Amino acid sequence: RIILYYNPGCIMGHHIYDKEKELKNAKEVDVFNLGEVSSVEYLYNYTEVIRSILMPHRIFIIRFCGIFLLKEFELDILKKVIQRLQSRKIIVILSEIEENILNQFGWDIIESKVGIDHIFFNINDALALANKELMEA
């Protein structure tokens, strides 16, 4: 029930849209849309819940739809979330992230934490990488 509260797509299947077109998503990929919640703390709480799952998703995409600026405490939360996911061997991909957030977050931090090849300005490319990572595993 808690998972349904924070991210219903995790259980009920994600319905990911790009310009009103529904995109396909593999079951091993979880997607969290920051643009659909009131605070980055929802993301943190959700990742706390999925930490207890025995078989979590292998890839976690964080969508920044409509997010143009983060407060400093939100950046700290985001760093913690990425660290916690990666500690569980979950691949993190950032999608639809605006350049000003990248500058705010710090290119060097993102490059060392997520990897520049795991940052995308659109969801199509993020899902393509997720599918490629799944095939290579």
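**The sheet and its strands**

Mentor: Four strands form an open sheet in the order β3-β4-β5-β6, with parallel pairing. The edge strands are β3 and β6 (119–120), since each pairs on one side only. This is a predicted model, in which local features need pLDDT of at least 70, side-chain atom pairs count only at pLDDT 80 or more, and totals for chains, interfaces and linings use all residues. Residues are numbered from 1 along each chain as its sequence is written, and side-chain values use heavy atoms, with hydrogens and water left out.

Trainee: Why is β3 called largely enclosed?

Mentor: Buried means under 20% relative accessible area, exposed means over 50%, and partly exposed lies in between (1.4 Å probe, protein chains only). In β3 (residues 29–33), 5 of the 5 residues are buried, so the strand is largely enclosed by the rest of the structure. Val 29, Val 31 and Asn 33 point one way, whereas Asp 30 and Phe 32 point the other way.

Trainee: How do you know whether His 57 is buried or exposed?

Mentor: His 57, in the loop between α3 (40–50) and β4, has a relative accessible area of 19%; the limit for buried is under 20%, so His 57 is buried.

Trainee: What makes the approach of His 57 to Lys 27 a polar contact?

Mentor: A polar contact is a pair of N or O atoms within 3.5 Å; within protein, one must be able to donate a hydrogen and the other to accept it, and residues adjacent in sequence count only if both atoms are side-chain atoms. The backbone oxygen of Lys 27 lies 3.4 Å from a polar atom of the His 57 side chain.

Trainee: And what joins Ser 95 and Glu 96?

Mentor: Their side chains are joined by a polar contact of 2.9 Å. Ser 95, found in strand β5 (residues 91–95), is buried, with a relative accessible area of 0%.

Notes. Helix = DSSP H or I, 4+ residues; strand = E, 2+ residues; numbered from the N terminus. Pairing = 2+ DSSP bridges.
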